[in-house]
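Okay, thanks everyone, let's get going.

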Amino acid sequence: MAERDFEIIIIGAGPAGLTAGLYTARSKLNVVCYEKLAPGGEILNTEHVEDYPGFELVGGQELAAKFADHAMKFGLKIEMEEVTEVKKDGDDFIVTTDMGVRRCGAVIYTPGGYPKKLGIPGEEKYAGKGVSYCALCDGAFFQDEVITVIGGGNSAVEEGQFLTKYGTKVYIIHRRDQFRAHAVLVDKIRENPKVEIITDYVPEEVIGDDREMKKLRIRNVKTDETQEIDATGLFVFIGFIPNTDLIKDHVEKDDAGFILTDQNMETNVPGLFVAGDCRSQLIRQITNASGDATTAAVAAEKYLEAQEEAKKAAAAAS
């Protein structure tokens with residue numbers, strides 16, 4: 001068997017990956033974290049964060065820098081390389097990047113995922129300035145404002161209901177006349193006096209000034225009629241895509257494509273641990289990404305220790 005380049009390879013340098021890196025590096029393990037873009041993950045695209053303990057209000061980029069700096073303080077190596085494949089090879093893993101091939105004993109997989117975008121004019125311009133993809137993250141920023149929600153599934157309806165805690169009015173806009181969400185959820189939200197449901201319409205353009213979103217233009221899919229809604233918030237819930245396609249071994253997933261793990265964050269592939277947004281779970285927040293990554297880091301270290309003990313026992317027996 002070829003010699004290992006690292007004990008642990010972490011894939012993805014978002015909050016989960018950087019937390020795993022902090023704990024593994026602090027334990028003096030030979031570990032590297034690969035990231036194709038920049039450390040921070042999705043929080044780099046978040047203007048403000050106010051639900052991370054200890055920070056009443058902090059910029060997303062500032063928080064990302066603090067995560068990275070803290071991990072590197074303990075010796076974590078962060079390499080800007082894009083991982084293209086992960087596969088098991090006996091007791092080892094082979095991790096291929098655009099810069100080469102490395103061998104390790106365990107992998108902590110934290111590449112996250114990304115929300116589906118509408119692809120309409122103004123969406124990117126007003127991201128973080130009215131456009132959001134997470135009600136739990138950003139809802140409180142829209143206190144006493146008018147909010148629009150796009151989508152027809154459970155997430156759109158549930159998050160729309162949640163946003164009524166803050167907005168004076170919440171429009172739920174769906175391209176069809178029937179919702180994919182569970183009937184009980186739809187019935188409940190129809191009873192909410194703050195909610196207005198608009199069916200058979202799709203978003204066409206986010207309109208605003210130099211600072212923030214001001215309106216949403218929508219179009220009727222049957223008549224092509226357009227109208228503008230005065231709103232300062234647009235929440236998009238049309239799906240979330242986990243980055244799970246790099247793993248070539250059979251990894252168990254849920255119906256939505258998110259990776260299943262046990263309580264130690266280990267998958268059905270021994271030595272492959274998962275944390276963050278690509279893991280099957282109830283919510284996707286910075287706090288639980290970091291907490292799960294802590295578990296994954298400790299579990300990965302114990303996994304390697306058990307491997308070494310098994311090798312010693314086998315050698316002694318022979």
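So, α1 goes past α2 in a left-handed crossing, meaning the near helix is turned anticlockwise from the far one by less than a right angle, while clockwise would be right-handed. Quick housekeeping: this is a predicted model, where local features need pLDDT of at least 70, side-chain atom pairs count only at pLDDT 80 or more, and totals for chains, interfaces and linings use all residues. Residues are numbered from 1 along each chain as its sequence is written, and side-chain values use heavy atoms, with hydrogens and water left out.

Helices here are DSSP runs of H or I, at least four residues, and strands are runs of E, at least two, numbered from the N terminus. Back to our pair: α1 is residues 15-26, α2 is residues 60-73, and they pack at about 20° with axes 8 Å apart. Axes are lines fitted to C-alpha atoms, for helices over the stretch in contact, and angles run from 0 to 180 degrees between N-to-C directions. That angle makes α1 roughly parallel to α2 (under 35 degrees; over 145 is roughly antiparallel, 65 to 115 roughly perpendicular, the rest oblique).

Who's touching whom? On the α1 side we have P15, L18, T19 and L22, and on α2 it's A64, F67, A68, H70 and A71, with contact meaning heavy atoms within 4.5 Å. By class that's seven nonpolar, two polar and no charged residues. Nonpolar is Ala, Val, Leu, Ile, Met, Phe, Trp, Tyr, Cys and Pro; charged is Asp, Glu, Lys and Arg; the others, Gly among them, are polar.

α1 also packs on α6, residues 286-317, at about 35°, axes 8 Å apart. What's the handedness of the crossing of α1 and α6? Right-handed. P15, A16, T19, A20, Y23 and T24 of α1 meet I286, A289, S290, A293, T294 and A297 of α6. The tally there is eight nonpolar, four polar and, again, no charged residues.

Now the single residues. N264 sits in the loop between β18 (240-242) and β19 (272-274). At 36% relative accessibility, N264 is partly exposed; buried is under 20%, exposed over 50%, partly exposed in between, with a 1.4 Å probe and protein chains only. Leaving aside neighbours within four places in sequence, N264 touches F273, T295, A296 and A299.

Last one: R103, in strand β8, residues 100-109, is buried at 12%. Its side chain makes a polar contact with the side chain of D89, at 3.0 Å. A polar contact is a pair of N or O atoms within 3.5 Å; within protein, one must be able to donate a hydrogen and the other to accept it, and residues adjacent in sequence count only if both atoms are side-chain atoms.
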